[in-house]
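I opened this notebook to keep track of what I looked up, entry by entry, in a structure that was new to me. Each entry takes one topic and follows it through.

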Amino acid sequence: MASSRVSYRISLQEAKRKCSERNSCFIRVESTEHIGLHSRYLGRLKEGVKEELNIKLMKYSDVLEGVPVNYESIQIQQRTGCILDELPYIHFDVKVNFIVFKPTVGSTLVGVVNKLGVDHVGCLVHNCFNASVSKSNFRNGLLYDNLDIGSEFAFKVMGTEAVNGVLAIIGQVEQQEETR
């Protein structure tokens, strides 16, 4: 099923490690998810649940208020599912521990420059999340002038926006900070 594949995925081991890193904005979130599985998964519920959960990865979730990057500890909450109306889906709830990238206003992130515009710098955070810092949001013009593609710099999150599941981060640099 091609739609369940993600172009970039953070491994469970890496996601767990990032949860304990300073300025990563990765957290663990326990969630109960309602799953509607096609009857082709009878006898293979775990496989079907994993496919459904994989579809949710790397897309912004309003419920989780962030981007789930991986998961662990799947627990099916009932022994039997239910079929609604005449649809071929079996419905049940699953408890799962997601690792979520959840930047909040005021948190600090580290970006790697991937675009230098006339009025802004585009960067990637954790090699996959887009962030943008406008030239006017560099409170120290010196840093802006010294950036090149591949440069790493720290910034504060001013806001986030999600459109069609894609998270965009707006940042501000207040002073020149040393990155790790």
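This is a predicted model: local features need pLDDT of at least 70, side-chain atom pairs count only at pLDDT 80 or more; totals for chains, interfaces and linings use all residues.

**Entry: strand pairing.** I began with strand β3, residues 82-83, and found that β3 pairs with β4 in the antiparallel sense over 2 bridges. In this pairing isoleucine 83 stands opposite isoleucine 90 of β4. The hairpin that β3 and β4 form has 5 residues between the strands, and within the hairpin I noted aspartate 85, which takes a positive phi near 55°.

Phenylalanine 98 in β4 stands opposite valine 29. Strand β2, residues 67-76, is also antiparallel to β4, and 7 bridges join the two. As one example from that pairing, I wrote down asparagine 70, whose bridge partner in β4 is isoleucine 99.

**Entry: the whole chain.** I stepped back to count the elements, and the chain has 3 helices and 9 strands. Read along the sequence, these follow the pattern α-β-α-β-β-β-β-β-β-α-β-β. The C-alpha trace spans about 65 × 30 × 25 Å along its principal axes. Of the 180 residues in the chain, 41% are buried. I also looked at how far apart in sequence the contacting residues are: among contacts between residues at least 6 apart, 63% join residues at least 24 apart.

**Entry: confidence.** The average pLDDT of the chain is 87, and 91% of the residues score at least 70. Residues 1-6 have a pLDDT below 50, and this stretch has 9 contacts in the model beyond near neighbours in sequence.

**Entry: the nonpolar core.** I asked which residues of the largest nonpolar core touch the most other members. The core has 44 residues, and the ones that answer my question are Val69, Phe101, Phe129, Phe138, Phe153, Phe155 and Ile169. Strand β4 contributes the largest share of this core, with 8 residues. In soluble globular proteins, nonpolar side chains tend to be buried together.

Entry: Is serine 24 buried or exposed? Serine 24 counts as buried because its relative accessible area is 1%, which is under the 20% cut-off. A polar atom of the serine 24 side chain lies 3.2 Å from the backbone nitrogen of phenylalanine 26. Leaving aside neighbours within four places in sequence, serine 24 is in contact with Lys18, Cys19, Phe101, Leu109 and His126.

Next I turned to serine 151, in the loop between α3 (141-146) and β8 (152-163). Serine 151 has 17% relative accessibility and therefore counts as buried. I found a polar atom of its side chain 2.8 Å from the backbone nitrogen of aspartate 148. Not counting residues up to four places away in sequence, serine 151 touches Gly111, Val112, Val113 and Asn146.

With a relative accessible area of 22%, serine 134 is partly exposed. The side chains of serine 134 and serine 136 are joined by a polar contact of 3.1 Å. Setting aside residues up to four places away in sequence, I saw that serine 134 touches Asp119 and His120. I also noted glutamine 172, which is 38 residues from serine 134 along the chain, while the C-alpha atoms of the two are separated by 7.6 Å.

**Entry: cysteines.** I asked how many disulfides a search of the whole structure finds, and the search finds 0.

Key:
Residues are numbered from 1 along each chain as its sequence is written. Side-chain values use heavy atoms; hydrogens and water are left out. A disulfide is a pair of cysteine sulfur atoms within 2.5 Å. pLDDT is the predictor's confidence in each residue, from 0 to 100. Contact means heavy atoms within 4.5 Å. Two strands pair if DSSP finds at least two bridges between them. Helices (H or I, at least four residues) and strands (E, at least two) are DSSP runs, numbered from the N terminus. Buried means under 20% relative accessible area, exposed over 50%, partly exposed in between (1.4 Å probe, protein chains only). A polar contact is a pair of N or O atoms within 3.5 Å; within protein, one must be able to donate a hydrogen and the other to accept it, and residues adjacent in sequence count only if both atoms are side-chain atoms. A nonpolar core is a set of buried Ala, Val, Leu, Ile, Met, Phe, Trp, Tyr and Cys residues joined through side-chain atoms within 4.5 Å.
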